[in-house]
Amino acid sequence: MRTVRTVPELRRAVGAHRDDGPVGLVPTMGAFHDGHLSLIRRAREECATVVVSLFVNPAQFGREEDLHAYPRDEERDAALAAELGTDVLFAPTLEEVYPPGFDTSVEVRGLTDVLCGDPRHRGREHFLGVTTVVTKLFNMVGPDVAYFGQKDAQQAIVIRKLARDLDMPVRIEVLPTVREHDGLAMSSRNAYLDGEERERALALHRALRAADAEVAAGRRDAAAVLAAARRELDARGVEPEYLELRSADDLAPAERVNGRTLLAVAARVGRARLIDNTVLGGE
C-alpha cells in the first residue's frame with residue numbers, strides 16, 4: 001500500500017492503475033471500526049484499485065462539536081487498510097484540501113434542511129461541509145464507485161443526489177450498518193461512552209426494533225410506530241434530537257409506513273451524539 005499526502009501524488013498513484021479496471025473510493029475520517037472495514041472489503045472485492053481517504057474534515061463539524069477530541073490514529077488505520085488490500089491511502093493535510101484562499105462550496109438543497117440538517121441540530125452547514133469535501137474527493141480520485149454506510153442514511157441520500165445532479169460518473173454504493181454484538185451501531189464516537197452511557201445508548205437500536213415489531217404486527221400509522229420507538233427511549237432516559245419517519249428515497253415526511261420508509265433517530269448520550277436508522281416496510 002502506498003500512502004500519499006498531495007493531490008498530484010494521488011493522481012499519479014491512481015493513474016498508474018487506471019487501465020486495470022474500476023477504481024473504488026472509501027472516504028473516511030479515520031478511527032476505523034468494522035463498519036469502515038466492511039466498506040474496504042467490498043471495494044476490494046469489486047474494484048481493481050482501492051483508494052481509502054483519511055481526512056478529518058473540519059467543515060462538517062459544528063461550533064459545539066468534537067473536532068479536536070475526535071479520535072485519530074493514522075498508524076493503526078493505515079495498518080488495517082493495508083491488511084485489507086488497499087492500494088492507496090490518501091491522508092492529506094488540511095492545507096492540501098483547503099488551500100489558502102479556498103472559498104468555494106457545493107450545496108444540495110432540500111435534503112439538507114431536515115433531520116441532522118435541521119438548524120436545531122447540526123444544521124445545513126454540516127452537509128455543506130460533507131458535500132464540498134466529497135465533491136473534492138471525487139475530483140481528486142476520479143472513482144468509478146464510492147462506498148458509504150447506511151448508518152449515515154441521510155448523508156448517503158444527499159451524496160447520491162449530488163452525484164446525479166452534477167453528472168458525476170461515479171456509482172454510490174451504500175452498505176448495511178455494522179453493529180456491535182449488542183446492537184449498538186458502530187461509530188467512532190462510541191469511544192466517548194462510559195459503561196452506563198453505553199447501556200443507555202442501546203435505547204436507539206431498541207427503539208428501531210420496537211418500531212419494526214409494530215410494523216410487523218400490521219400497525220403502519222406513523223403515530224403508532226413512533227410511539228413504540230419513543231417508549232424504548234423514554235424507558236432509558238434518552239431524549240432524542242429527532243425521531244422521524246421519512247421516505248427512504250427523498251426524505252419526504254411519511255404519515256404511514258408504506259414501502260421504503262426510513263425511521264431515523266439521533267440523540268446525545270453523554271459526550272456522544274449518536275445516530276441510527278432502519279428502513280421499514282420493504283427493502
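# Close-up views of a predicted model

**View 1. Strand S7 (residues 240-247) is mostly tucked away, with six of its eight residues buried.** Buried here is under 20% relative accessible area, exposed is over 50%, and partly exposed is in between, using a 1.4 Å probe and protein chains only. Strands (E, at least two residues) and helices (H or I, at least four) are DSSP runs, numbered from the N terminus. This is a predicted model, where local features need pLDDT of at least 70 and side-chain atom pairs count only at pLDDT 80 or more, while totals for chains, interfaces and linings use all residues. Residues are numbered from 1 along each chain as its sequence is written, and side-chain values use heavy atoms, leaving out hydrogens and water.

**View 2. Arg-246 sits in strand S7.** Despite being an arginine, is Arg-246 buried or exposed? Arg-246 counts as buried because its relative accessibility is 12%. Its side chain makes a polar contact with the side chain of Glu-244, at 2.8 Å. A polar contact is a pair of N or O atoms within 3.5 Å; within protein, one must be able to donate a hydrogen and the other to accept it, and residues adjacent in sequence count only if both atoms are side-chain atoms. Leaving out residues up to four places away in sequence, Arg-246 touches a list of residues including Val-114, Leu-115, Pro-253 and Arg-260. Contact means heavy atoms within 4.5 Å.

**View 3. S7, S8 and S9 line up through antiparallel pairings.** Two strands pair if DSSP finds at least two bridges between them. S7 and S8 share seven bridges, and Tyr-242 stands opposite Ala-266 in S8. On to S9: nine bridges join S8 to S9, with Arg-268 facing its bridge partner Arg-273 in S9. The S8-S9 hairpin has two residues between the strands, and here Gly-270 takes a positive phi near 60 degrees. S8 is mostly covered too, with eight of its nine residues buried.

**View 4. Six strands form an open sheet with parallel pairing, in the order S1-S4-S3-S2-S5-S6.** Strand S1 (2-4) and S6 are the edges, each pairing on one side only. Neighbouring strands are turned by 25 degrees against each other on average, direction ignored. Inside the sheet, strand S3 (residues 49-54) and S4 pair over three bridges, and Ser-53 stands opposite Phe-90 in S4. H5 lies across S2, S3, S4, S5 and S6, running at about 150 degrees to S2. Axes are lines fitted to C-alpha atoms, for helices over the stretch in contact, and angles run from 0 to 180 degrees between N-to-C directions.

**View 5. Helix H6 (residues 153-165) lies across S5 and S6.** H6 runs at about 170 degrees to S6. Its 13 residues reach 18 Å from first C-alpha to last, close to the 18 Å expected at 1.5 Å a residue; that expected span is 1.5 Å times one less than the number of residues. Buried residues of H6 include Ile-157, Val-158, Ile-159 and Leu-162. What do the buried residues of H6 pack against? Their partners are helix H5 (124-141) and strands S5 (145-149), S6 (171-175), S8 (261-269) and S9 (272-280). Just after H6, Asp-167 takes a positive phi of about 55 degrees.

**View 6. The largest nonpolar core has 47 residues.** A nonpolar core is a set of buried Ala, Val, Leu, Ile, Met, Phe, Trp, Tyr and Cys residues joined through side-chain atoms within 4.5 Å. Leu-10, Val-51, Phe-138 and Ile-172 touch the most other members. Elements giving two or more residues include helix H1 (7-15), strand S2 (23-28) and strand S4 (88-90), while H5 gives the most, with eight. Leaving aside neighbours within four places in sequence, Val-51 is in contact with residues including Leu-10, Val-14, Val-26, Val-88 and Val-141. Apart from this core lies another, of 32 residues, among them Ala-203, Leu-204, Val-225 and Val-238.

**View 7. Ala-227 is found in helix H9 (residues 222-235).** Ala-227 counts as partly exposed because its relative accessible area is 30%. Ala-227 and Glu-214 are 13 residues apart in sequence and 9.6 Å apart in space, C-alpha to C-alpha.
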